[in-house]
Amino acid sequence: MAKLELKDVRKSYGPVEVIKGIDLTIEDGEFCVFVGPSGCGKSTLLRMIAGLEDISDGTFEIDGNRMNDIAPAKRGIAMVFQSYALYPHLTVRENIAFGLKVRKTPKAEIDSLVNEAVTMLQLDKLTERYPRELSGGQRQRVAIGRAIVGHPETFLFDEPLSNLDAELRVHMRTQISELHDRLKRTMIYVTHDQVEAMTLADKIVLLRGGKIEQVGSPRDLYERPQNLFAAQFIGAPKMNIFELEGDFSALRDQLQLPADAQYCGIRPDSFDIVPEGEGILSATVRLVEYLGNACLVHAKVDDHDPIIIEQPVDTQLRFGSTISLSVTSAQIHIFAKDGDRIP
Ligand code: ADP
Ligand code: MG
């Protein structure tokens with residue numbers, strides 16, 4: 001069991017506050033992803049949970065017990081880092097067994113735990129190799145193996161796949177998902193990559209500048225982003241945003257938006273191309289990007305930054321085409337002046 005609770009948790013380095021009051025509950029067995037741009041405090045928050053950084057203020061509890069002053073080794077937590085942190089002079093087997101040896105676990109038990117881990121991670125043929133004889137993905141699996149053998153209640157991952165190439169990242173992502181299904185432990189996974197967040201998470205915690213912008217399921221964040229930041233961070237390509245004062249003010253009437261709406265957001269796949277004169281916007285195509293399963297059309301409305309429209313691969317649109325765009329009202333996101341979602 002490991003239900004994690006953070007209550008107004010803060011972290012300062014000298015006068016600078018980098019974690020600015022986090023309230024969050026992570027349920028037992030949940031796969032929680034911290035996502036946000038570089039420098040927003042993801043690693044710091046994770047390291048505070050692990051006990052590698054002090055908590056300046058607030059309370060962190062596991063199953064109702066205060067953890068602020070409990071040593072890292074006593075929290076039932078194992079952490080996997082981006083850098084793997086393997087011992088180069090130890091074999092795969094010795095690397096995975098290292099922590100157990102330090103804890104003076106009996107040899108027979110070490111053997112059994114390590115064998116279980118290497119089988120689960122498909123490392124059984126590589127146990128006598130040294131880290132330099134392994135690929136990046138294999139090294140990362142050894143790092144995960146080292147976490148597994150301690151049978152922690154909670155696993156923490158800090159950007160564990162960032163050093164791998166794109167194909168391997170997708171593969172390892174599915175392996176981590178399977179690991180969670182199998183072990184049914186609480187996991188917190190840090191990434192700056194919204195695709196990793198969307199694909200892995202039960203619960204996404206979107207962070208910016210040391211604060212939570214939104215917490216919810218991947219679907220919540222995609223379908224009901226609570227503010228402009230969430231709207232533009234989740235989803236690729238990004239949601240198109242139109243400011244309703246100035247050049248796009250006509251949209252307010254055309255889309256029958258409330259008076260307090262200041263921004264209107266439309267995802268690239270929400271636009272329909274309609275006959276001239278029937279749309280809400282008219283735009284000129286600047287670029288058509290072929291993706292294999294779809295095309296991304298970059299089009300300019302007057303002098304504004306291009307908007308992006310997703311179209312089928314067989315689109316006839318070319319540079320210079322003029323298009324008229326419409327959207328159904330259910331697919332419009334609206335935001336107030338302070339960036340918060342309406343309603
Ligand atoms: P992320 O993992 O989201 O990229 P970090 O948690 O590493 O972000 O950092 C959050 C903020 O805290 C950054 O602005 C970073 O410069 C600052 N920070 C991190 N560690 C320290 C430290 N030891 N001393 C001072 N500032 C730090
Ligand atoms: Mg980090």
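**Exercise 1.** What is the order of the four strands in the open sheet, and is the pairing parallel or antiparallel?

Solution. The model is predicted, so that local features need pLDDT of at least 70 and side-chain atom pairs count only at pLDDT 80 or more, while totals for chains, interfaces and linings use all residues. Residues are numbered from 1 along each chain as its sequence is written, chains are lettered from A and ligands numbered from 1 in the order in which they are written, and side-chain values use heavy atoms, with hydrogens and water left out.

Begin with the terms: helices (H or I, at least four residues) and strands (E, at least two) are DSSP runs numbered from the N terminus, and two strands pair if DSSP finds at least two bridges between them. The open sheet then reads S11-S12-S18-S19, with antiparallel pairing. Its edges are strand S11 (240-243) and strand S19 (341-342), each of which pairs on one side only. Within the sheet, four bridges connect strand S12 (residues 263-266) to strand S18 (residues 332-335) in the antiparallel sense, and Ile266 stands opposite Ile332 in S18.

**Exercise 2.** Describe the packing of helix H2 against helix H4.

Solution. Axes are lines fitted to C-alpha atoms, for helices over the stretch in contact, and angles run from 0 to 180 degrees between N-to-C directions. On this basis, helix H2 (residues 92-102) and helix H4 (residues 136-148) pack at an angle of about 30°, with their axes 7 Å apart. Taking contact as heavy atoms within 4.5 Å, one finds that Val92, Asn95 and Ile96 in H2 meet Val142, Gly145 and Arg146 in H4. By class, this contact has three nonpolar, two polar and one charged residues, with Gly counted among the polar ones.

**Exercise 3.** How many disulfides does a search of the whole structure find?

Solution. With a disulfide defined as a pair of cysteine sulfur atoms within 2.5 Å, the search finds zero. For Cys40, the nearest cysteine sulfur is that of Cys32, 13 Å away. Cys40 is also buried (under 20% relative accessible area, with a 1.4 Å probe and protein chains only), its own value being 2%.

Conventions:
Buried < 20%, exposed > 50% of the residue type's maximum accessible area, 1.4 Å probe, protein only.
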